[in-house]
Structure formats: structure tokens, C-alpha cells
Amino acid sequence: MKYIVVLVDGMADEPMAVLEGKTPLEVANIPWMHYMATKGEIGLVHTIPEGMSPGSDTANLSVMGYDPQRYHTGRSPLEAASIGVKLKDTDVTFRMNFVTLSNEANYEDRMIIDHSAGEVTTEEACELLKSIISHFSTESLHFYYGTSYRHLLLWDFGLEGFELTPPHDILARPIKAYLPKGQGVKPIADMMAASYDVLKDHPINIKRMAEGLRPANAIWIWGEGKKPQLDAFSEKFGIMGSVISAVDLIKGIGLLAGLKSIDVVGATGNLHTNYAGKMEAAYEALLGGDDFCYIHIEAPDECGHQGDLQGKIKSIENIDAFIVGPLLHKLAAAGEDFRMLVLPDHPTPIHLRTHTSAPVPFVLYDSTCPKNNPQYAFTEIAALESKHRVDAGHEMMSILLEKKV
């Protein structure tokens, strides 16, 4: 038996007047996910434990079978594992975004226009990070290159317990109320404020603005954490496998769990990612001996943060057409028995442009015992009406693997 998770980041949403009271998932053309619903099980799962922040770190730990209340030590150390940074117990890490700030005279009056600086390319971001390193790196503050707008700050023997806000939570609001708070946070806060003057006239940003693109004119620091320790996935669940993702967070969780991380050429984490390449990589890994594959697609979440309704609908349709459908076909044609789970990690409602803690819909299909539920569809409302609930998200993996929970 092969086991597959297709994690559609931020896919769940809320009814929208512009869609006549429907959600992006309801209006999307997704025949293969609907097929899975008619032949499988649908329901709602709580991926975010009560009282925890609805971040992709918390939610993906949960879906991968790790109770966030036990294993979560922060977002950035999970990303550090993907980048290859070996953490000491005394290290404190932070996510560092390149963002687009508005240009009010007073720094505190500025707003985050874009948490991803227009999805600045990795190549451009590396040049910008060189300037950040030259201005702010010290014997205790170290910067590491990530992907696109996502990078890492490590504070050797650093302080912790700060109040830091994810930039995608405060889009289009004055940043004054959300600047770093806490004893000893001044080096972080000062660096963020000074970064605007370092980056605003950088040649990369001058070029981007000339091309009509948003500049990466400041850094925003958040996602504090310390060295994590995950139990090996193979010991926990008795199988081995891979993760496929364009983002360091998911790669890091997989690597810390002892899974392989498969890189796919053209996988970007946005609407224009290489969907078919991810599907082919998963298929080859499963036929090559892996028992399990976790395919993560970031695009719907990024579209949600951008408030891009049509992009979100299109990304969901692309996932159905280029990942879910072909994988169902190819595994069946290869004579493989398989169980496939499709779900988001959390909602990213278009009107909020950030995450919520609401339960998310899931569909679980078993090729060896298809059901007959012609009335089902894969939507938020259908999942709600199914009455099937999984209250602890980390139990979802055991349900997929048919383990006792």
C-alpha cells in the first residue's frame, strides 16, 4: 500500500458575496477531488490546537502526525533544518522576510504593502541579503539564504520570548502597533527600522520598480524558535518516504522527521509552480520504493495573502488537473494499491489575507475499497454536512495509515 498526502496550503476559505455566497473551492473546476469525495470519505479536521497560532508550521506538523503542543518550538528552526543550519541549544532563530513597506516619512507610520515583496526572486533576494549581511551581521547575528522572500536570522546565545507578528497578518495596517516587543528586543527592532534605508535605493529595487514590480525595501523579523526534536517518522509510523515542497518550512519538517526531501525544477511556491513536475517526482518516488509521499503546494496560500481570488481558484484547479488526477491515473495503471488524502493545512480567507484556526475539509480515498457516495463533493459545506470530525489534527496521519488512534 502506498500513502499520499496532497497538502493544498491555505485552500479553505469562507463564502464570498462576489461568488454568490460560495467559496473558491466550491466554484473551482476540480473533477478529480470531487471524484475522490464520491468514492471516499470527507470530513473536517482541526489542524490547529486550541490556543496555538494558525501558522503553516503548526498546521503541517499536525497533518504530518506530530502534535504541535508537544513538538512545536517555533517556525524558523524548522526552516533552518531545510537550509542545512545545524542549531545549538543556545541558538535562537528567526524568519526574515523581505517585504514592501509604504514610504511615509516616519517609519512607524508605514504599512506592509506586500509580505513577499512581490514574490521577489531568489536570485534578487540573494543580492539584497548581501547588503543586509554587510550592514548588520555581527559575531552573534548570522544570516542564511533561503528561497524567494524567505530567509533566516540566527542569534547565537540570543534572547527569546519576544512578541513578534507575522507580516502577512498585518497587511495594509500601520506597523506601529506590531513592532517587536519584549526585554532585549532592541537589536532586532533597530535592524528592521534601519533596513529600509539600506534597501530602498538598492540597484535590485530600482530595477524592480522600473519594471513595475514591488521593491523589497525592508526586512521583517518574526517566527522565533529554538532547536526542535522530532521523533523519526519511520519509528512513529513504520514506513519511509519523502516530502516534495518548494518552501523550506515543509522541507525542514520532513528532514527532521527523517524523510527525504525531493527538489523539483521549477517549483516556486507560487501560482506558476511546476505542478506536473511535483506529480512526476511523487510518482517516481513511490514506484521507486517509497511507501509515503507528502506533496505540498503553496500557491493557494500565497494567492490568499495577496487577495488574488482568481489566482486562488486557478491554483486549486491546477492542483486537481496536474497533480491529483494524473496521480490517481498513474498509480492505478501501475497496479499500485494506495490511499490518498487531500486537504489544506489551514484556511487563508481572501477577505482576511491571513490564516484562521477554523477546521479544514479533507477527502480520503482508498483504491482498494472505493465507496459509493454520489451526493458528496469536496467543499467546505459538504465536509461540514458529513458530520465526520477529527478533533486532533495529528491523528489524521494515523487515519491515513490505518493505525489505531
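Predicted model: local features only at pLDDT ≥ 70, side-chain atom pairs only at ≥ 80, totals over all residues.
Start at Leu129. Leu129 sits in helix α6, which spans residues 122-136. Its relative accessible area is 0%, so Leu129 is buried. What does Leu129 touch beyond residues up to four places away in sequence? The partners are Met96, Phe98, Phe143, Tyr144, Tyr145 and His151. Take Tyr144 from that list. Tyr144 lies 15 residues from Leu129 along the chain, and their C-alpha atoms are separated by 8.6 Å.

Move on to helices α11 and α13. Helix α11 covers residues 275-287, and helix α13 covers residues 309-333. Their axes come within 9 Å and cross at roughly 25°. Angles under 35 degrees count as roughly parallel, so α11 is roughly parallel to α13. The crossing of α11 past α13 is right-handed. From α11, the contact takes in Tyr275, Ala276, Lys278, Met279, Glu280, Tyr283, Leu286 and Leu287. From α13 come Ser315, Asn318, Ile319, Phe322, Ile323, Pro326, Leu327, Lys330 and Leu331. By class, this contact of α11 with α13 has 12 nonpolar, two polar and three charged residues.

Now the cysteines. A disulfide is a covalent bond between the sulfur atoms of two cysteines. How many disulfides does the model contain? The count is zero, by the rule that the sulfur atoms of a cysteine pair lie within 2.5 Å.

Definitions and conventions:
Residues numbered from 1 in each chain as written. Heavy atoms only, no water. Helix = DSSP H or I, 4+ residues; strand = E, 2+ residues; numbered from the N terminus. Buried < 20%, exposed > 50% of the residue type's maximum accessible area, 1.4 Å probe, protein only. Contact = heavy atoms within 4.5 Å. Axes fitted to C-alpha atoms, helices over the stretch in contact; angles between N-to-C directions. Parallel < 35°, antiparallel > 145°, perpendicular 65-115°, else oblique. Left-handed = near helix turned anticlockwise from the far one by under 90°. Nonpolar A, V, L, I, M, F, W, Y, C, P; charged D, E, K, R; others polar.
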